[in-house]
Amino acid sequence: MDESIQELNYMINDLAEKAKHEFFPDQVIRCDANEAAAEFLFTCQNGVALRVQAINDKILRFRYATDGQFAPDFSYAFDGNVPARQPLTQLEFVEKDDHYRLTTGRVICTIGKDNLHVRLLNRSGAVLCEYEKGFHWEYDYETGNDIVKMSQQVQPGVHYFGLGDKPANMNLRGQRFCNWGSDTYGYVKGSDPLYKNIPFFLALHQKLAYGIFFDNSFKSYFDFAAERADVTSFWSHGGEMNFYFIYGPSLTEVSQDYTLLTGTPELPPLWALGYHQCKWSYYPEKLFRGIGAEFRKRQIPCDALYLDIDYMEGYRCFTWSKEHFPEPAKMVRELADDGFKTVVIIDPGIKIDPEYDVYQQGLENGYFCRRADGPLMKGSVWPGLCNFPDFTRPDVREWWAGLFKGLIQEVGVRGVWNDMNEPAVFEKGTFPNDVRFDYDGNPCSHAKAHNVYGMQMARATNNGVKQFSYPNRPFTITRSTYSGGQRFSSGWTGDNVASWEHLWLANIQCQRLSISGFSFVGSDVGGFINTPDGELYARWVALAAFHPFFRTHSSGDHGDQEPWSFGEEYALLAKRFIELRYKLLPYMYTAFWQYVQAGTPILRPLSYLDQSDLETYQRMAEFGVGDHLLVCPVTQAGVDGRWMYLPKGQWYYYWTDELREGGAEVWAAATLERIPLYVKAGAVIPHYPVMQYVGERELTELTLHVYHKEGQETSTLYDDGGDGYGYENGQATVRRYTVEGTAEDLKLQQQTEGDYQPTWQTCRVVLHGLPAGSSLTALVDGVSVEVAIVDSYSKGLKLPQVIVPANFTELVVNPA
């Protein structure tokens, strides 16, 4: 062979081999510091660039470019597509011999000059996070993308949490996961990937917490010391290495800051926090109406009834079956007269049918996704062969929103449920990677758009439901989403199974989603696949009564799953827990308001309640709901209680008022009539009277359950009437209750902010934990009032109670 040809072959082979190698930053040759903008650009000799931005005192952003060129700054994770910056209390940037040091009011970041090695510390000097290999990459010849990678050292004793809906142990250490939204029918513990794509995780070590949000919509991976015990890494098959470091120091603060960074939802209508009943599928109309009639006959509260795909004409979205639902507007109106809100499903697949108006509109206006060479993307879903809207185009989202006028404004539907939006197709699971998307002016392939498709569909759907529901608030649900998707929709955990394992998973998944910014979540109560027995169903309803989204849903070919489907004993049990949910609606609504205002997770794992207690780190059954309730579901058959851990402090067992000291494991007796439920000492828990649906009758009295404490505790109650937008103009009230107690007496103070005037004029204050057998006197704003001893609802306890005006400022209770 000619030597020149042979040399050329060696060169080609050498280049091909190099394409498989990992590459790293090298020596920093320049730093451009813009302290006024809190931005710092580091350029390496081999062209790698790192841009560091201080978003606020606790959040630093790191963007890497392998060739020194950064793509336009755009992300669906943020309202406005870029993160909102906040003023810093302190910013100092200095250059040292071998590194640069950036200091804010809360964190210190050092950046090595030799290879951009990063260490992150708190202001006390504790190392929070440090690179191992740090940023590196590999060129992917097939796609032309870089596979961008980040590896960090595992700090001693670290624990990892978050990452959305992963069906695994709460602590992620030792596990690996993939984000690639997938229709995972009948998933099991350890199945991966699942429906949602939330690339955010938290780390906790030395009792200090931080979070990492890896904002990259390509298929991504997370390894929490699984492959190498001393390394945690994350990487993606395209896009930028672009992540946010979020310092706590508490787990709750990390979740709050991430949630506020990516956005919180509007307040939902109060009825959306009630009980919902769904099945694949309720039809014809007579059967659907019959479900509602049975709820009212049995006086089991219910606010929403659902229609799955069989309400449509041949599964065509935005249509009604002429055979099964000939007069939908009349049906929906008459159900509404009885308190039921109708919710319908809408999928992304639009049937290819020249006679179908929605298809015609999409085709004529070019709204459907296309393959790389121009043909429309075709895939089979329930209607048969379909085309699919490109929801990453603003004009397509506007068109899609307008399609809801018929369902919402004309028929009267109150909510919409998006399914199959990973996107899922029957041929190969999802779209081929060569499908093209607009990505709001940043054209890309399906490889980049896949993980945001469901989120953008939910966004367009929410826009439409909101537009045509006004002046009422919208309600939407989505199966798939990306970080920030909580701004547009509630969600559920997908196609689960009627099994005790899935009851356990529902608990873990809802907690994990809540701390990952997505609090408005629940599971298909009882399991979507197969049929539970009465005991499993009763235990599941008991758990779900404490999840923000509370819906029974099942696959019709596996049997009935209404509360009365398992016999009278279990119907009464289900009714009991659904009624408990309706009593607790003001508490749940307040927890939702706190989530909207401050990003606080509604569901809080035990480690969030006391991260100074190492005992809480590995436990996952117990969880907090709002500020003052602690729940621990029974997830085994045939037992009459369970062991659970109480965080430090004092806790009352809800069913008996037994007071227990925390920091210890306790036995919670819980036959099928109970779920282990504790109330924090000093709490004020508001209760509504049981109604068959939200707004059934005017509320004339609010009950406040006040739990004695030697010390002080503050509780909050938010109220704005539960619908409409008056709260945006100040028509809302925040009541802050402070309990202050000694061994024998109790003082309750109320501070009120806001202009909303509730319908209730009095409060019934029920006192828990005061010394037994004492005769009591009470003063309300200095005026003596009667203390009555009454039965406390279904608890079988005789407790003192006082009737006070709604606007009281102080109640003092003393021994006579």
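1. Helix 2 covers residues 251–262, and its length can be checked. At 1.5 Å a residue, its 12 residues should span 16 Å, and the end C-alpha atoms lie 17 Å apart, which agrees. The expected span here is 1.5 Å times one less than the number of residues. Helices are DSSP runs of H or I with at least four residues, strands are runs of E with at least two, and both are numbered from the N terminus.

2. The model is predicted: local features need pLDDT of at least 70, side-chain atom pairs count only at pLDDT 80 or more, and totals for chains, interfaces and linings use all residues. Residues are numbered from 1 along each chain as its sequence is written, and side-chain values use heavy atoms, with hydrogens and water left out.

3. Helix 2 is largely enclosed by the rest of the structure, because 10 of its 12 residues are buried. Buried means under 20% relative accessible area, with a 1.4 Å probe and protein chains only. Among the buried residues are Leu251, Val254, Tyr258 and Leu261. Just after helix 2, Gly263 has a positive phi of about 105°.

4. Helix 9 (residues 500–515) packs against helix 10 (residues 534–544) at an angle of about 5°, and the axes are 10 Å apart. That makes helix 9 roughly parallel to helix 10, a label for angles under 35 degrees. Axes are lines fitted to C-alpha atoms, for helices over the stretch in contact, and angles run from 0 to 180 degrees between N-to-C directions. Contact means heavy atoms within 4.5 Å. Helix 9 contributes Trp500, His502, Leu503, Ala506 and Asn507, while helix 10 contributes Glu535, Leu536, Arg539, Trp540 and Leu543.

5. Strands pair if DSSP finds at least two bridges between them. Strand 23 joins strand 24 (residues 384–387) over 3 bridges; Gly384 in strand 24 is the bridge partner of Val381.

6. Another open sheet has 6 strands in the order 43-44-45-51-47-48, again with antiparallel pairing. Its edge strands are strand 43 (711–719) and strand 48 (783–785). Neighbouring strands are turned by 20° against each other on average, direction ignored. Strand 45 (residues 746–754) and strand 51 (residues 810–815) are joined by 4 bridges, and Val812 in strand 51 is the bridge partner of Lys747.

7. Helix 12 (residues 585–598) lies across strand 43 and strand 44 (733–741), at about 90° to strand 43.

Key. Parallel < 35°, antiparallel > 145°, perpendicular 65-115°, else oblique. Buried < 20%, exposed > 50% of the residue type's maximum accessible area, 1.4 Å probe, protein only.
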